[in-house]
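This briefing is for a reader new to the structure.

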Amino acid sequence: MIMKIDFFNNVGIMGISTRLRMLSEQMSKDTDKIYELYRVDLKPKWFPVFYVLSENEEKSITEIAIEIGHSHPSVSKTVSEMVKKKILLEKKDKNDARKNNIVLSSKGKQIANQIQDQYIDVRKAVEETLRQSKYNMWHAIEEFELLLDQKSMFQRVKEEKKNREASNIRIISYESKYKIPFKELNEEWITKFFIMEEADYKALDNPEEYILDQGGAILIALYKEEPVGVCALIKMDHPNYDFELAKMAVSPKAKGKGIGYLLGEAIIRKAQALGAQNIYLESNTVLKPAINLYHKLGFKKVIGISTPYQRCNIQMELKL
């Protein structure tokens, strides 16, 4: 017991899942003893199924699963075990011969009558324990379950991970020392899905001349000071568009950190600072994460713009 307390004192609230599991195991051991005390032939894990059937109602396995919040396979396994113990029976549905319903057997009905005194004593014992507690665990569990229904613990941890990693991300303006990463990061994704084209080489081999000197911009995303993402604004000679958002790339090793979205937001702010009113981009629908990102940033599909890229099969615009 002392070792358990020391462990939870050390690990703190990170051990909540372990602590709840240990509490559940402790309660289950006591429940076994309680059933034995009242000579009730049930196992603790059978109780939810037994309880919902104890009013002599017929229910399908699907209906039971929905009512107790367990999976269909889990309920099916429990029902099979209880049928073998002759506590439950399977019978054909009166209205649908293809459907089996589950009911209490005569033994199950006998247990349902026998267990009533146990219900009374257990309910009072739990109520007394809750009264002795500073915090009502039953209400606390209800609240905690509601919060996890709204957003799972996995999602909450995922968000905290992204927030922590975001503190290590910096987005800066292009410097000549980033010429090689600018090219390599783009080559990496282009050659994975397509082939390099002439327009790619123009922009990636000569970013200063082709992009910056023409009034465009390049941004670099650093993660822990390592370049892991890039994006460019290329000045357009078009009556409807000021800049093309192009050459956006994020290293696979930096995926999941929200770098693409941060780059997109930063490049849009850069375009606004340069007086842009409309931004254009080209992509390919095979790049689903990229297309989803562009939609998230506010881009909408357009058609009919001339393109130098063979791989382009979708064009989008953002009105600022």
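The notes below start with how the model was handled and then take up each topic.

This is a predicted model, in which local features need pLDDT of at least 70, side-chain atom pairs count only at pLDDT 80 or more, and totals for chains, interfaces and linings use all residues. Residues are numbered from 1 along each chain as its sequence is written, and side-chain values use heavy atoms, with hydrogens and water left out.

**Salt bridges**

- The whole structure has 16 salt bridges (a side-chain nitrogen of Lys or Arg within 4 Å of a carboxyl oxygen of Asp or Glu).
- Glutamate 58 and lysine 91 form one of them, at 2.9 Å from N to O.
- This pair links distant parts of the chain, 33 residues apart: glutamate 58 is in the loop between helix 3 and helix 4 (61-68), and lysine 91 is in strand 1 (residues 88-92).
- Helices (H or I, at least four residues) and strands (E, at least two) are DSSP runs, numbered from the N terminus.
- Lysine 59 and glutamate 67 form a salt bridge, with their closest N and O atoms 3.2 Å apart.

- Lysine 59 is buried at 11% relative accessibility, whereas glutamate 67 is partly exposed at 47%.
- Buried means under 20% relative accessible area, exposed over 50%, and partly exposed in between (1.4 Å probe, protein chains only).
- Glutamate 58 is partly exposed at 29%, and lysine 91 is partly exposed at 33%.

**A network**

- Aspartate 200 and lysine 247 meet in a salt bridge at 3.3 Å, N to O.
- Salt bridges with shared partners join Glu197, Asp200, Lys247 and Arg311 into one network.
- Aspartate 200 and lysine 247 are both buried.
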